[in-house]
Amino acid sequence: MQRVRCWKTGLQLLKSACEGAAKPSTSRKYSHGAGSFGLLFDIDGVLVRGRTPIPAAKQCFKNLVDRHGKYKVPVVFVTNAGNSMRQAKAEHLSHLLEVEVTPDQVMLSHSPLRMFTDIHKMRVLVSGQGPIEEVAHNLGFQDVVTIDMLRDAYPLLDVVDHNRRPKDKIPPTKGLRPIDAVILFGEPIRWETNLQLIVDVLLSSGNPDNVWNVARYPHIPLLACNMDLLWMAEAKSPRFGHGMFLVCLESMYKKVTGFDLKYEALIGKPSVVTYNYAELLIRKQAKRLGWTTPVKRLYAIGDNLMSDIYGANLYDHYLQASQRTKAQMQVKSGGGGSETVEDALKMTSAELGGASGVYGTEGDLPEGCSSILVCTGVYSREEGLPSDPAHAVKDQPTFHGHRDFRFDPSLTEPTFLVEDVKEAVELVFQQEGWPLE
């Protein structure tokens with residue numbers, strides 16, 4: 001099987017783009033020297049509930065822009081949503097928050113796929129909803145097949161809904177060239193159709209016109225974006241996310257074949273590759289602001305313990321391990337020090353996002369990443385903040401993380417627990433010694 005080995009090249013390309021950004025503006029500079037930091041905002045449950053903005057969100061952004069509407073600190077919106085283009089999401093946020101949000105401030109769950117250059121020329125089947133074909137092409141994929149295109153080519157595959165079954169005579173099969181890889185962008189609309197056709201492709205080595213071959217294992221590369229089991233919209237209780245769709249697909253594949261479904265990469269929060277990519281976007285913005293010192297601290301604000309908090313804490317552990325590894329290599333002066341960040345932290349390939357020991361060599365990484373949990377989304381306390389936040393948060397009755405991630409309760413403990421995003425921003429400014437204007 002052809003494996004994906006494009007991470008380092010992709011990161012170097014993005015790093016070059018950051019270094020080649022426009023010269024800093026000569027307008028007011030907001031650098032506080034060694035106190036430089038960046039903010040990573042989740043969207044659903046933190047800034048909005050469905051299409052309704054959370055009141056505290058508009059208020060907090062008054063502290064993040066000056067009187068000219070320019071950001072004082074680097075800000076990136078990191079969401080596990082993936083059913084739109086960055087431009088559309090930026091326009092939507094600009095309207096809701098009443099501040100300008102540009103596409104380069106928006107990071108969707110699938111954004112890191114830009115770095116997967118080795119599969120951009122493969123024929124890929126994509127699953128999700130929204131303009132996923134356009135999204136795939138925008139990310140660099142050149143040969144894209146959608147579920148609807150597959151249904152049209154093989155009309156006998158989708159038969160769960162009796163109203164969609166072929167009527168009268170059996171229509172001919174058009175046939176398609178074999179599919180090389182499958183990319184899951186997000187939860188689809190018709191789960192039964194997508195589940196059936198994805199399994200067909202995996203069990204036929206990319207050619208669903210052939211019969212299933214259960215013995216042929218492992219299957220063609222499968223990449224998934226967004227592992228959120230639940231997310232928060234306007235309803236009082238959480239809604240099923242793409243993570244729930246993945247649970248269904250994994251269960252079906254295991255039930256049919258007896259083997260575990262394998263992922264080439266899991267992208268989106270809480271994987272390390274997502275936060276590493278977000279940090280590169282933060283670095284790019286800091287340069288545009290005229291900051292001459294590296295961004296040393298990141299603050300990730302979210303409402304979901306198993307994506308936002310787990311991911312930020314996992315990335316913080318990664319940063320600490322990276323620093324230890326770098327220090328050890330300096331002490332040894334390159335004389336036999338072979339320990340990698342992955343070895344130091346014992347992280348799984350899934351937690352890294354599919355990459356192995358690449359990012360510790362990529363420029364000046366931040367010193368740490370603090371997680372801030374708000375109570376306006378998936379995590380909510382009707383009675384207000386608990387008297388012992390750490391105890392209340394870590395004692396989770398069930399594991400809502402992805403199957404391929406370890407359940408480490410300590411990674412679900414936020415650095416800070418606050419009521420809403422406004423309080424979160426105020427806390428960050430206080431931590432950094434910045435005045436609230």
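Student: Which residue in strand 4 is the bridge partner of F41?
Tutor: Strand 1 (residues 37-41) and strand 4 run parallel and are joined by three bridges; strands (E, at least two residues) and helices (H or I, at least four) are DSSP runs numbered from the N terminus, and two strands pair if DSSP finds at least two bridges between them. This is a predicted model, in which local features need pLDDT of at least 70 and side-chain atom pairs count only at pLDDT 80 or more, while totals for chains, interfaces and linings use all residues. Residues are numbered from 1 along each chain as its sequence is written, and side-chain values use heavy atoms, with hydrogens and water left out. Within strand 4, the bridge partner of F41 is F77.

Student: Which residues of strand 4 point the other way from V75 and F77?
Tutor: Strand 4 spans residues 75-78, and V75 and F77 point one way from it. These four residues are all buried (under 20% relative accessible area, with exposed over 50% and partly exposed in between, using a 1.4 Å probe and protein chains only). Pointing the other way are V76 and V78.

Student: What is the handedness of the crossover from strand 4 to strand 5?
Tutor: Two bridges join strand 4 to strand 5 (residues 106-107), and the two strands run parallel. One of the residues involved is V78, whose bridge partner in strand 5 is M107. The chain passes from strand 4 through helix 3 (residues 86-97) to strand 5. With the strands pointing away from the viewer, a path from the first strand over the helix to the second that runs clockwise is right-handed, and this β-α-β crossover is right-handed.

Student: Which residue in strand 14 stands opposite Y299?
Tutor: Strand 13 and strand 14 (residues 368-373) run parallel and are joined by six bridges. In strand 14, the residue opposite Y299 is S370.

Student: Which strand supplies the largest share of the lining of the largest cavity?
Tutor: Two cavities of 30 Å³ or more are found in the whole structure, and the largest has a volume of about 60 Å³; on a 1 Å grid over the protein atoms alone, a cavity is a set of points where a 1.4 Å probe fits but cannot get out, a pocket is an open set with protein on both sides within 12 Å along at least five of seven lines, and lining residues have an atom within 4 Å of a point. A volume is the space filled by probe spheres set on the points, which are joined across faces, edges and corners. Among the lining residues are L40, F41, V78 and K269. Three residues, the largest share, come from strand 13.

Student: Which helix supplies the largest share of the lining of the second largest cavity?
Tutor: The second largest cavity holds about 40 Å³ of space, and its lining includes S84, H110, V135 and N138. Three residues, the largest share of this lining, come from helix 4 (residues 132-139).

Student: Which residues are the closest to the centre of the largest pocket?
Tutor: The largest pocket contains about 670 Å³ of space. Helix 3 and strand 10 (230-231) each supply at least two residues of its lining. Of the 33 lining residues, the closest to the centre are D44, A81, N83, K89 and W231.

Student: What is the omega of the cis peptide bond that joins Y217 and P218?
Tutor: Most peptide bonds are trans. P218 lies in the loop between helix 6 (191-203) and strand 9 (222-225). The peptide bond joining Y217 and P218 is cis, and its omega is about 5°.

Student: Is D168 buried or exposed?
Tutor: D168 is found in the loop between helix 5 (147-153) and strand 8 (181-184). Although D168 is not a glycine, its phi is positive, at about 60°. Because its relative accessible area is 82%, D168 is exposed.
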